[in-house]
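Colleague: I would like to go through the aromatic residues of this protein with you. Could you bring up the structure?

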Amino acid sequence: MSTKTRTFRKGGVGAMMDEYERAVAELSALVSGLSDAEYEAVRDLETADESCRSIQTIMHHVIRARYGYATYIRTAFGTPTERVQIAQPSRADCARMLSEVMAYNEATLEGKWQMPDEEIVKIRMEVPWGVTYDLEQLLEHAIVHILRHRRQIERFLSEPQFRPKKA
């Protein structure tokens, strides 16, 4: 394990943001190590989910979701906001776009790092997939969402059934 000095945010929300950033950094490093051909190749013709056919479509989905989660949180805080629209990212654009969306999420939570648990559970967000989350639950979902898609990309790169296919 690295002994490099890190600065950790204080509080429960701060801890979740630290882990959110870590998950995004791992995903960004994985994608940055790919060739454009690996990134753009169609790998799953069987899925009904159009956002999971290639690494490129997964990254579009992941980046869009980061903005979506921040929008739900901003709305719950009473901060008027519009959902940010993004184009399908090239492999070369992913690191920059992930950095930008994490800055957007950080700005969303700025000043809330040490929010007491009683306040965290009062912040409620109903999301389009039919679940109502409190702030902690939504942030945990956001972190695990990245981990699940990172794992999916790792499977795409290592399992024979996901070798590039002709569309």
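**Aromatic rings**

Modeller: Phe-156 is buried, at a relative accessible area of 3%. Please note that this is a predicted model.

Colleague: And Phe-162, is that buried or exposed?

Modeller: Phe-162 is buried, with a relative accessible area of 10%, which is under the 20% cut-off.

Colleague: How many aromatic pairs are there in the whole structure?

Modeller: The search finds 5 aromatic pairs. In one of them, the ring centres of Tyr-69 and Trp-129 are 6.4 Å apart and the planes are at 80°, so this pair is edge-to-face.

Colleague: Where do Tyr-69 and Trp-129 lie?

Modeller: Tyr-69 belongs to helix H3 (residues 55–76), while Trp-129 is in the loop between strand E1 (124–126) and strand E2 (132–134). The pair therefore ties together parts that are 60 residues apart in sequence.

Colleague: What about their accessibility?

Modeller: Tyr-69 is buried, at 4% relative accessibility, whereas Trp-129 is partly exposed at 40%.

Colleague: Back to the two Phe residues: how are the rings of Phe-156 and Phe-162 arranged?

Modeller: Their centres are 4.9 Å apart and their planes are at 45°, so the Phe-156 and Phe-162 pair counts as tilted.

Colleague: Which residues do ring pairs link into a cluster?

Modeller: The cluster consists of Tyr-69, Tyr-72, Trp-129 and Tyr-133.

Colleague: Changing topic, which ring does the charged end of Arg-74 sit over?

Modeller: The charged end of Arg-74 is over the ring of Tyr-104, 3.9 Å from its centre. Likewise, the charged end of Arg-9 sits over the ring of Trp-113, at 4.8 Å from the ring centre.

Technical notes: Residues are numbered from 1 along each chain as its sequence is written. This is a predicted model: local features need pLDDT of at least 70, side-chain atom pairs count only at pLDDT 80 or more; totals for chains, interfaces and linings use all residues. Side-chain values use heavy atoms; hydrogens and water are left out. Rings of Phe, Tyr and Trp (its six-membered ring) pair if their centres lie within 6.5 Å; planes under 30 degrees apart count as stacked, over 60 as edge-to-face and the rest as tilted. Helices (H or I, at least four residues) and strands (E, at least two) are DSSP runs, numbered from the N terminus. Buried means under 20% relative accessible area, exposed over 50%, partly exposed in between (1.4 Å probe, protein chains only). A charge sits over a ring if NZ of Lys or CZ of Arg is within 6 Å of the ring centre and within 35 degrees of the ring normal.
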